[in-house]
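These are my notes from going through one structure. I began with the overall form and then turned to individual places in the chain.

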Amino acid sequence: MKFDIVVIGGGLVGASLLAALKNSGLRLALIEARSPVPLPEDESWDARVYAISPGSVAFLQAAGVWQRMDAARVTPVHEMRVHGDDNAARIDFSAYESGVPELACIIENRQLQHAVWAELAQAENVQLLCPAQYVSLDWHESHVELTLSDGTVLQTALLVGADGVNSRVREQAGIGASRHSYGQTGVVANFEVERPHHHIAYQWFRRDGILALLPLPGKRVSMVWSAHTALANELLDLPAEMLSDRVARAAGHELGEMQLVTPPAGFPLNFIEVKSLIKPRLALMGDAAHGIHPLAGQGVNLGLRDARELATLVQRFGEMGDCGEFTLLRCYERNRREDILAMGWVTDRLQKLFGSEDAAILRIRNLGLGITNRLPLLKNRLMRHALS
């Protein structure tokens with residue numbers, strides 16, 4: 001079985017790359033260990049959501065994915081209000097001031113996953129190998145050879161590792177990665193709220209972590225509380241009513257009383273820097289290529305920009321007849337490095353800045369929010385990158 005591109009990892013980033021290339025005429029394959037989870041019949045809500053940037057929406061539209069979304073479950077963000085920890089400092093972002101219809105769209109993880117897999121299922125040049133696992137990778141000058149657990153052997157001109165933060169592909173390719181734990185857990189849950197959110201996303205930089213409330217359809221919000229591990233464990237163990245009250249108080253009752261609608265879940269937060277995004281016949285993307293703090297809500301957009309860049313390069317240089325040409329891969333790494341390093345640096349420094357207990361830093365960080373809020377040019381420059 002010979003292919004031009006084989007992607008290992010059927011999450012949003014890896015699957016969206018193949019969706020973007022479905023009309024390219026290339027022979028494509030996706031290897032994923034777990035079968036897709038069907039959408040629930042009870043129309044319940046997924047606790048994990050994404051804030052998809054306008055640039056990522058445009059990419060998913062071009063790939064035929066966004067059109068498959070249920071519009072009733074997509075919520076545009078028109079404003080964002082970020083509060084410091086002194087109950088005074090604040091910075092506001094507006095779609096109107098930025099000259100765009102919305103700053104982001106909030107969408108559930110499983111809804112978007114379902115849409116991209118539905119698009120791939122109808123693509124004639126994409127072979128879905130799922131559930132399937134590879135047991136070995138062998139690099140050759142002209143291709144990579146993969147052996148699956150059932151004995152099937154595949155050859156591909158380009159292998160794409162999109163298999164997550166603990167990427168086996170990255171490890172077996174000998175690409176090093178440095179990481180450090182933030183000592184925090186991201187606690188996520190959805191709530192019904194008393195007052196309308198008016199399509200505003202809220203964020204509070206608190207002494208005990210970073211709390212965000214993202215708008216969902218109707219009078220619902222999605223919470224992401226990046227809390228120190230001890231507090232996170234406490235939040236996860238609280239009864240529904242006590243958790244609702246705790247979050248409402250932490251948010252200053254901005255949206256009134258809150259009522260839990262999905263059980264809370266937690267995931268550890270780490271910073272990951274990968275030594276290289278490529279090696280001959282291999283490209284890494286998504287969480288296999290980087291890991292940042294979720295305080296800016298940009299992790300998934302960073303991965304989608306990986307997929308967008310690689311798809312663009314493959315289509316642009318398709319006449320070369322070799323998707324694994326090292327010149328193409330070097331171009332991919334060069335074009336993605338600045339974005340990845342910049343986003344990683346900013347989110348890491350912000351987390352450290354607002355995690356400090358130093359009195360001088362306490363004053364400086366809140367002062368910085370207020371000053372930035374009064375400088376439209378600086379605010380717009382910050383937003384341009386987040387909107388891409």
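**Overall form**

A compact globule of 388 residues would have a radius of gyration near 21 Å, and the protein has 21 Å, so the two agree. I note here that the model is predicted.

I then looked up the box that holds the C-alpha atoms; along the principal axes it is roughly 60 × 45 × 40 Å.

For secondary structure, I recorded 11 helices and 20 strands.

**Burial, contacts and surface**

I checked how much of the chain is covered. Buried residues account for 53% of the 388.

Next I took the contacts between residues at least 6 apart in sequence, and found that 73% of them join residues at least 24 apart.

The accessible surface of the protein is about 17400 Å². Carbon and sulfur atoms contribute 52% of that area.

**Charges**

I looked up the charged side chains and noted 38 positive and 44 negative ones. The centres of these two sets are 5 Å apart.

**Helix H1**

How many of the residues of helix H1 (residues 12–20) are buried? I found 9 of the 9 buried, so the helix is largely enclosed by the rest of the structure. The buried residues of H1 include Leu 12, Val 13, Leu 17 and Leu 18. Gly 14, Ser 16 and the alanines Ala 15, Ala 19 and Ala 20 are also buried.

**The aromatic pair**

I searched the whole structure for aromatic pairs, and the search returned 1.

**Gln 111**

I then turned to Gln 111 and placed it in helix H4, which covers residues 109–121. The relative accessibility of Gln 111 is 10%, so I recorded this residue as buried.

Which residues is Gln 111 in contact with, leaving aside its neighbours within four places in sequence? I found Leu 39, Met 69, Asp 70 and Arg 73.

Definitions and conventions
Residues numbered from 1 in each chain as written. Predicted model: local features only at pLDDT ≥ 70, side-chain atom pairs only at ≥ 80, totals over all residues. Heavy atoms only, no water. Helix = DSSP H or I, 4+ residues; strand = E, 2+ residues; numbered from the N terminus. Rg over C-alpha atoms; globule rule 2.2 N^0.38 Å. Buried < 20%, exposed > 50% of the residue type's maximum accessible area, 1.4 Å probe, protein only. Contact = heavy atoms within 4.5 Å. Areas by Shrake-Rupley, 256 points an atom, 1.4 Å probe, with all protein chains shown as cover. Lys, Arg positive; Asp, Glu negative; His and termini not counted. Charge placed at Lys NZ, Arg CZ, Asp CG, Glu CD. Phe/Tyr/Trp six-rings, centres within 6.5 Å; stacked < 30°, edge-to-face > 60°.
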